[in-house]
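Good morning, and thank you for coming. Please look at the sequence and the structure, which I shall now put on the screen.

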Amino acid sequence: MANQGPAYYSPYPAATYEGVITPPEGKALLLEDVVDEETAMREVARVMLTSENATIFPGPQVLYGWNEEAKKKATLIKEMSEVLNAKMIPMYDYRPKYPKIDAEVEINPNHPNLTIWHNNIKAAIFIGVHCHYANVALKIVRAETDCYTIAICGLSGHEDAMATLRDQHSHELEKFIKIAKEVKAELGK
Amino acid sequence: MSKITDMTKTHNWSGQKLVSIDHMLFEAPRTKHFMTGSEVLKEAVKRATVDASVSYPITPQSEAAHLIGELWAEGYVGVYFRGENEFGVMSEVAGCSMAGARTITTTSGPGTLRAMENFAQWSGTRAPMQLVLMARGINSPLTIQPDNLEVQYLLETGCMIWYAENVQELFDMSLAAFTVAEQPDVHVPIITAVDGFFVSHTREAVELPDDDIALQPYDPYAAPLPPIDSEMPPGRFLRDPFVMKSNYISYATHASWQWEIRSAVERSKRYARHLLNGLVHITGNEDAEIAFVTCGTASNQAKEGQRELEKLGIKSKVIKLRTIRPFPEEELIEALEGVKYVFVPEFNVVGWLANEVKAKLYGKVDVNIHAGPRVAGGMSLPAEAIIQEVMEVVNPGKGA
């Protein structure tokens, strides 16, 4: 069960109640620490490259080509999964589906732990998920699994993830992919 | 008739130049006016690029609601209509807000309680609408006096609650409120409260920026929920309630959702600190051993008491809380450094603010918290009553 994150073993914890808040502009969050964006990107890449069954969970904001930025981001996420040797499981519909959810095919924010348990995922990136749903899913994941969660967010980030990168658009994703390639080379992966 | 025209990148539908909240609150030149709280709320809404407002009459907010309707006729508000009752109003406000409209409404007293279920629904759907509450008594025998007991009922609805002391704060707060409520990492409804009559019907000097500027419109596409369309009802969960699925989903989702709403309210602090120039405001003697912790017009009366005590050679200070949800715990603890006695003057019978202060400070500060003085039923709270209570507690047996 949960053994990572600032709220530790609390059932359905909330990081704000432990005094952890989303990072200020230009910064990122690693557990309770506010760090430089590049530092966080390196750590995120290291965790993804060294964790069992690392998976990217893309949400509706990057699954559908509803604007040019979404299309560009989606292409970069595909490249990111290749660099990180990560699987992809989409979060394309927010409606509760239990017990019919097929955890092999999708993750649902209302019972994300099922997907993570089922696939034995130890590190996960949430990207393009609407913030409310990301926040709920991240709380449940942190409470019920030992998965290291990473939020790559276009807005102000998510303190309930173990690592948060905020204001992430295609320019920042390109930067992250470049850093991930460097980390991958350093790790000899 | 409304003279609504197309919105552009630089101007809204009524031709006002769009500006940032910082420009509106801190940079735009201001001129002095003499207005009631109802009139000043009209001035705030006029500068807020409001898409929708729904109203229902109840004293003392009826005039404010009426004046927002005037703004619709003048072309400053997109949609305005009267609901069938307060429950209907708050439901319709929710619909407007979830559809992506910047929405405001007003109510008072019993209307608040009639609509009560909606406030928890508002926060649950995370729609950033604003209620301006002009507080009044709620109980039988019927009263229209400015008691603020109804705020106690709102404390745990998940909405943010700010409290304005006077017409100037009402103007500034109601503009800042939209901005903070609409931040993507906050995105919860906000209640801007004032004490009815004392603020709504009192004419005071107020500094206002010109009315040819207005806030940038609300952008529902920056919202942390998917925007409404025919395939996607607001929040999605409204169509497919978790409780219908299984106890497990209901437990997991509601538990984490409730924590998340309260987390969102906590996240609002950084924005509120900036736009309200601090979550608390302190007047009086910095090194005082006596402090009044207040909100709303009780702050004004406490300041009067503070000045009278100073004449008697007794140092005191007033710590005014501008926000109740989020509760400014850190700021209050810091302001209480060196304080031995805390008094919480209130305009209600239960002392809800004193209860809040005690709960938040329990085990964190070594201070004697005195839950009073307080009045009820709309009675005024004269400085003499405050001084008498202080003297009886601080100086027992020796009188005021």
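Chain B has 14 helices and 16 strands; both are DSSP runs numbered from the N terminus, helices being H or I with at least four residues and strands E with at least two. This is a predicted model, in which local features need pLDDT of at least 70 and side-chain atom pairs count only at pLDDT 80 or more, while totals for chains, interfaces and linings use all residues. Residues are numbered from 1 along each chain as its sequence is written, chains are lettered from A and ligands numbered from 1 in the order in which they are written, and side-chain values use heavy atoms, with hydrogens and water left out.

Let me begin with the overall form of chain B. A compact globule of 400 residues would have a radius of gyration near 21 Å, and chain B agrees, with 21 Å. The radius is taken over C-alpha atoms, and the globule rule is 2.2 Å times the number of residues to the power 0.38. Along the principal axes, the C-alpha atoms of chain B fill a box of roughly 70 × 55 × 40 Å. Of the 400 residues in chain B, 58% are buried; buried means under 20% relative accessible area, exposed over 50%, and partly exposed in between, with a 1.4 Å probe and protein chains only.

Next, the sheet of chain B. In which order do the seven strands of the open sheet in chain B stand? The order is 4-3-5-6-8-7-14, with mixed pairing; two strands pair if DSSP finds at least two bridges between them. At the edges are strand 4 and strand 14 (323-325) of chain B, each pairing on one side only. From one strand to the next, the twist averages 20°. Axes here are lines fitted to C-alpha atoms, for helices over the stretch in contact, and angles run from 0 to 180 degrees between N-to-C directions.

Within this sheet, strand 3 (residues 52-55) and strand 4 (residues 79-82) of chain B pair in the parallel sense over four bridges. Opposite Ser55(B) stands Arg82(B) in strand 4 of chain B.

Leu170(B) touches residues including Val40(B), Leu41(B) and Val194(B), where contact means heavy atoms within 4.5 Å.

Finally, chain A. Its open sheet has seven strands in the order 2-1-7-6-5-3-4, and the pairing is mixed. Strand 2 (33-36) and strand 4 (87-88) of chain A stand at the edges with a single partner strand each, so one side of each is left without a neighbour in the sheet. Val83(A), in helix 3 (residues 68-83) of chain A, is buried, with a relative accessible area of 9%.

Conventions. Lists of a residue's contacts leave out its neighbours within four places in sequence.
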